[in-house]
Amino acid sequence: MDIFSELNEAQKSAVLHTEGPVLILAGAGSGKTRTIVSRMAYLMKEKGVVPWHILAVTFTNKAAKEMKERIGELMEGNADGIWVSTFHSACLRILFRHAGLLGYPDNFEIADAADQKALLKEVYKDMSVDPKRYPEKMTAREISRAKDELMSPENFAEASKGDFSLEMVAEIYRAYQASLKRNASMDFDDLIMNTVRLFQEYPDVLDHWQERFQYILVDEYQDTNTAQFTLLKLLASKYKNLCVVGDDDQSIYRFRGANIYNILDFEKYYPGAKVVRLEENYRSTGNILSAANAVISKNRLRKTKTLWTSKAAGDRISFRQLDSPMGEASFIADDIKSKVSCKEAEYGDFAVLVRTNIQTKEIEDAFRINHISYDVVKGLRFWDTKVIKDLTSYLLTVAGSANDVRTVRIINLPRRGIGPSTVEKLLHFAREYGISLLEACGDKGRPIPISSNTRSKVRSFYDLIVKIRKETEGFPFSSILEKIIDETDYMNYLLQEAESKEKYEEMRQYIDKLKETLDSYEAETDNPDIVDFMRQNGLEGNALDKNSEDGTEKNRVLIMTMHNAKGLEFPYVYMAGAEEGLFPGYSAISMEDPMEMEEERRLCYVAITRAKKKLTISCARQRMVRGELKYASTSRFMKEIPANLLDTIERPQRATRYERKLSPERESAHEAFIEKPLAFSKEFQQLKKGGQIGGRKPDYEEGDSVQHFKFGQGKVLSIKAGERDYEVTVDFETVGVRKMFAGFAKLKKI
DNA sequence: GAAGGCGGTCTTTTT
DNA sequence: GACCGCCTTC
């Protein structure tokens, strides 16, 4: 394939300028990815740069994956060895080789959001900090911000001298870092900060990686924080071949530490940098682009650029003000339905963008009432789910990876009568003797100051872990997981905890997904190791993509936040909740910080430019805020769109919508679709009482050939009756002899 | 000492 | 409306 055949002039010059620093200012929908990928291909094909010397960094796994695929296509598979990864996983791979230099063991782990919270709680307890005076959330944010800014606890303490509460935060930060280290863990921010530290403290290590990565490409550069900026600066300082791609107008992660000046002042930091502007938009109609340009032009802090298109003006932008969020939601639902029923579009063509997650509720309700299939793109990530955290904690503990955070998590889960005060005592004991919490649980000889009754409970927890460990030696991870679920009666616990059948089913699906992931990992990896597995996956983003992978239905309306929509495009886009106080948000208005307001405006720009064909903006006159009905005026961003681009309908056609929603029939129809509380679902109650079914005798025998969904075909060597389930040993053609539990393995006789 | 219920608090966005 | 900590009960 010819690299240049599909590129415009600006894109071509971005590709051809291979040496020295380059800033590609890529407007929304301007063929950014195509340009980067072509540039990499050009480097390899024409300039003879070996893949080994190229590093491409992105923010999301999704972007990395897409880039990898496209470069693979363009290079016909000759691009192996090129590093295309997120900041975090690139740092992980680097740190992995030099962990010892920083005083970490080689098998260090990654502490995710939940681990951080647990650790912070411990620190609060140890230091007797009042969480009311220092809310954990705020402290966590300050610590994260400090790391983004490459501030060590010492720097932080220095900078906060004189401010009593900040000094306290500095103390907490210091203790938090200590307990991370004690647990041989790094949190997400540490991955970047420690890599920078590594490079700064060990010039020879830095030199090695500079030689390795002679050409560096960075995607979404406007989202980099100080730590990432410094990391790139260090890596690129030898060869100076740093090519960054980004759009200052799409910088929407300030709250996460992103520093817009990194891109605005690129030429200052990299003198002589070549700047290329990609302004031709291939995505949206003329009217949509004009609206986007008009809104963003109100920002002062930006590098001017104007998107243009050769496309027609297209439809005008619809704007509708409704009375309530319910009215707004049913307007959107009706609108989508009418477009679908006249075959103008199908469900998969639509996206509803909201500012905050709370807004999705009414929209979901309206979609359910109207039988519109939809999906909410949730912020919640698979690996942060409670079920997954629970089970992986067990898995790691069984595997012998002692970590107190995990032990605390599972020691009383399901309930086995070991409460907080016992855990507290055990922890103290463990510290005193320099052993892990788990070891403390199994300690017979030493006098843990707890009652004999509790002691036996603690003891049996320890025995349980040891038992599972012994009985599953050499089993595939998914089978160990099954054994854990079985021995702890975990499914029954979930059933009792679940507030609805749907929630329970959802959690069961998560478990299936975990098993699947474990099996694929094991089938693909030479020396499968559960700690390695967790490290790999802890950095993986939303694995909760219900409809993309094995999904049956892809044709759904997507509901998501504007942040989540970045990088995506849809023929029809609804921007819901265009009200002062919601969008722009209350804090942006009250803080009177122009930076905040400009960030909100950029978010608006991102939202508008997601639309290819038609943009519909809506808002409600009143909305419930903290239980109170509040009146809201139309968003200022709406007023920034020139009137001639708008198709405004002043009053809702049917002002009765709000009442209609409240009418008795409507109300009952509505209720039928709202998730039923437990008490109403007899079936679910019954399910709870019944508990889980144990293992049934399999329908295959020794010597039979069977099919496993991941490991393929195999021959049954033996079937043994275990305590609760049948233990089957199978010789697979692909992976050899494996033991597994019949009830879970779902082996099919062939 | 553990478990469950009650009342007070706080709402942006998350790799 | 959801979450968390505190308080009461067993």
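Modeller: Let us begin with a single pair of side chains, keeping in mind that this is a predicted model. The side chains of Glu640 and Arg601 are joined by a polar contact of 2.9 Å.

Biologist: Where is Glu640 placed, and is Glu640 buried or exposed?

Modeller: Glu640 sits in the loop between helix 29 (636-639) and strand 17 (646-649), and with a relative accessible area of 13% it counts as buried, because the cut-off for that word is under 20%.

Biologist: Which residues does Thr729 contact, leaving aside its neighbours within four places in sequence?

Modeller: Thr729 lies in strand 20 (residues 726-732) and is buried, with a relative accessible area of 14%. With those neighbours left aside, Thr729 is in contact with Lys715, Val716, Leu717 and Ser718, and also with Val737, Arg738 and Lys739.

Biologist: How should I read the packing of two helices?

Modeller: Two packed helices are described by the angle between their axes and by the distance between those axes. Here, helix 9 (residues 188-201) and helix 10 (residues 203-212) pack at an angle of about 110 degrees, and their axes are 5 Å apart. Because angles of 65 to 115 degrees count as roughly perpendicular, that is the description that applies to helix 9 and helix 10.

Biologist: Which residues of helix 9 and helix 10 meet?

Modeller: From helix 9 come Leu198, Phe199 and Glu201, which meet Pro203, Val205, Leu206 and Trp209 in helix 10. The residues of this contact comprise six nonpolar and one charged, with no polar ones.

Biologist: Why can helix 16 be called largely enclosed by the rest of the structure?

Modeller: Seven of the ten residues of helix 16 (residues 360-369) are buried, so the helix is largely enclosed by the rest of the structure. The buried residues are Thr360, Ile363, Glu364, Asp365, Ala366, Phe367 and Ile369. Just after helix 16, the backbone has a feature to look for at His371, which takes a positive phi of about 55 degrees.

Biologist: Finally, which residues are around DNA strand C?

Modeller: Those residues are Lys117, Lys121 and Glu136. For Lys117, an N or O atom in the side chain is 3.0 Å from a phosphate oxygen of DNA strand C.

Terms used:
Residues are numbered from 1 along each chain as its sequence is written. Chains are lettered from A and ligands numbered from 1 in the order in which they are written. This is a predicted model: local features need pLDDT of at least 70, side-chain atom pairs count only at pLDDT 80 or more; totals for chains, interfaces and linings use all residues. Side-chain values use heavy atoms; hydrogens and water are left out. Axes are lines fitted to C-alpha atoms, for helices over the stretch in contact, and angles run from 0 to 180 degrees between N-to-C directions. Helices (H or I, at least four residues) and strands (E, at least two) are DSSP runs, numbered from the N terminus. Angles under 35 degrees count as roughly parallel, over 145 as roughly antiparallel, 65 to 115 as roughly perpendicular and the rest as oblique. Contact means heavy atoms within 4.5 Å. Ala, Val, Leu, Ile, Met, Phe, Trp, Tyr, Cys and Pro count as nonpolar, Asp, Glu, Lys and Arg as charged, and the others, Gly among them, as polar. A residue is near a molecule or strand if one of its heavy atoms lies within 4 Å of it. A polar contact is a pair of N or O atoms within 3.5 Å; within protein, one must be able to donate a hydrogen and the other to accept it, and residues adjacent in sequence count only if both atoms are side-chain atoms. Buried means under 20% relative accessible area, exposed over 50%, partly exposed in between (1.4 Å probe, protein chains only).
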